[in-house]
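Welcome, and thanks for taking a look at this one with us. Here is a short tour of a few local features, written to be read with the model open beside you.

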Amino acid sequence: MLGTLFLVFLAIVGLSVVDTYLARTERSENRAEAERLAAAGRTAGPLNAVADFKGAIGIERENPDYWLALGQAQLAAGELADAEGTLNELLRRDSTSGPANLALARVLVKEGRITDAVSAYHRAIYGHWDRDAGANRVSARFELVNLLAQQGSKEELLAELLPLLDVTPDDLESRKRLGRLFLVAGSAQRAGEIFRDILDKQPQDADAYAGLGESEFARGNYQTAHNDFQKAADLRPTDEGIQGRLKLSAEVLALDPMRRGLGPEEQYRRSLKMLDLASAAVTRCSSLLSPLDSEAEEEAQKALNSKVGAVRMSEALESNLSLAEQLWKVREQECKAGPTAEEEALGLVLARIAQ
C-alpha cells in the first residue's frame, strides 16, 4: 500500500515538473514570438509596424515598450485618434512616464491641440525616464520651445528657455541653438551674452558672430551689428544668409540720418532719401489712397522737389521724417507684399527713430 502511494506521489511530482517545464517553454516561445514581431515592427513601414506591434501586444499585453511603440507607429501612420487612445491606455498605468507623455505631446501637436500638447510636454520633462534621463528631458524641452517659437508665444517661450541656460555649457551647438531661440523670444540681451560666451571659447565661430550681430541688430545697435556680420562674413564668405544681413546692416547705416558724426546737410539728404523710399513704397502698393493719405503724398512730393537753405534744414529734416513715418504706416496697412531690401532698411530706421 505504501509503495503504491509513493508511486502515485512520484507521478504527481513528475507531472508537475513536466507541466511547469512546458509552461515555461510556452512562455519563452511566446516572448520570443512577441519580440520577433516587435523587431519586425521597428524596421517596417508605419502601417505594417502597427500590425506587428498589435501582434506583439496580443501575446504580451503587459509590456509597456510595445504599447509605446504601437502609439508611435500609429502616429507615424497618421492614425491620430488610435495613437492617442493607445498612449492614454499606457499612461493610465503609469501617468509619469516621460517617453509616453512625449509621444502623446507629439500626437496632440498633430491634432492642433497646442495647450494640451504643452501640458504633455511638461509631464514628459518632469516625468521619469529609464535611460538617459537628463538628455531626454533637455531634448523634450527643446522640442517644446521650438513649438512655442512656431506659435509666436514669446512670454511662454522665454519661461521655458530660462531653465536651459545652465544646461550643456560645453555643447556649443546647443548653446548656439539656445541663443537663436532667445532672439525669437525677444530677449536679445541674453542671446548676446550666450554668443559672446561661445566666442570666448571658440573665437573663429562664424555662427556665433552672426548670432551676436542679430542680437545687436535687434537692440538697434546697427554699427556694432554690422561689425559682427562683417567678422562672420570674413570667416564664411560664401554664406548667403550672412552676406544678406551684412548688406542690410550697411543699408541701414547708409540711410540713418541720426547716425553720429553727420552734419546737417547729410542728415537732410538722408531724410529726403527716406521720404522718397516711403513715397515709392506707398505708390507701389496702394492704387487708391484716402484723402488724408493723398495729402501726405502730395506734401512728400512737394518736399522732394523743393530746395531748402541751410537755415531751414533742421526744420525740414523733422518734417521729412514725420511724413516718411506717416507714409510708411500707410504702406504697412495697404501693402500685402513683403518689403524690398531698401524698404526693410527704411522700416528699421524709422522704428529706431520712433523709440
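F217, Y222 and F229 form one aromatic cluster. Please keep in mind that this is a predicted model.

**The aromatic cluster**

The structure holds two aromatic pairs. In the pair of F217 and Y222, the ring centres are 4.9 Å apart and the planes stand at 65°, so this pair is edge-to-face; the cut-off for that class is over 60 degrees. F217 also pairs with F229, and here the arrangement is tilted, with 6.2 Å from centre to centre and 55° between the planes. F217 belongs to helix 11 (residues 206–218) and F229 to helix 12 (residues 222–235), so this pair ties together parts that are twelve residues apart in sequence.

| Helix pair | Angle between axes | Axis distance |
|---|---|---|
| Helix 3 (residues 64–76) and helix 4 (residues 80–93) | about 160° | 8 Å apart |
| Helix 9 (residues 172–184) and helix 10 (residues 188–201) | roughly 160° | within 7 Å |

How do helix 3 and helix 4 run, roughly parallel or roughly antiparallel to each other? Angles over 145 degrees count as roughly antiparallel, and helix 3 and helix 4 are therefore roughly antiparallel. Their crossing is left-handed. On the side of helix 3, the contact is made by P64, W67, L68, L70, G71, Q74 and L75, while helix 4 brings in L80, D82, A83, T86, L87, E89, L90 and R93.

T86 sits in helix 4 and is buried, with a relative accessible area of 7%. Which residues does T86 touch, leaving aside those up to four places away in sequence? The partners are W67, L70, G71 and Q74, and these four are listed on the helix 3 side of the contact.

Now to the second pair in the table. The axes of helix 9 and helix 10 cross at roughly 160°, which makes helix 9 roughly antiparallel to helix 10. The crossing of helix 9 and helix 10 is left-handed. From helix 9, the residues L172, R175, K176, L178, G179, R180, F182 and L183 meet A188, R190, A191, I194, F195, I198 and K201 of helix 10. The residues in this contact comprise nine nonpolar, one polar and five charged.

**A backbone detail in a loop**

D132 is not a glycine, yet its phi is positive, at about 50°. Where is D132 placed? D132 lies in the loop between helix 6 (114–126) and helix 7 (133–151).

Conventions
Residues numbered from 1 in each chain as written. Predicted model: local features only at pLDDT ≥ 70, side-chain atom pairs only at ≥ 80, totals over all residues. Heavy atoms only, no water. Axes fitted to C-alpha atoms, helices over the stretch in contact; angles between N-to-C directions. Helix = DSSP H or I, 4+ residues; strand = E, 2+ residues; numbered from the N terminus. Parallel < 35°, antiparallel > 145°, perpendicular 65-115°, else oblique. Left-handed = near helix turned anticlockwise from the far one by under 90°. Contact = heavy atoms within 4.5 Å. Phe/Tyr/Trp six-rings, centres within 6.5 Å; stacked < 30°, edge-to-face > 60°. Nonpolar A, V, L, I, M, F, W, Y, C, P; charged D, E, K, R; others polar. Buried < 20%, exposed > 50% of the residue type's maximum accessible area, 1.4 Å probe, protein only.
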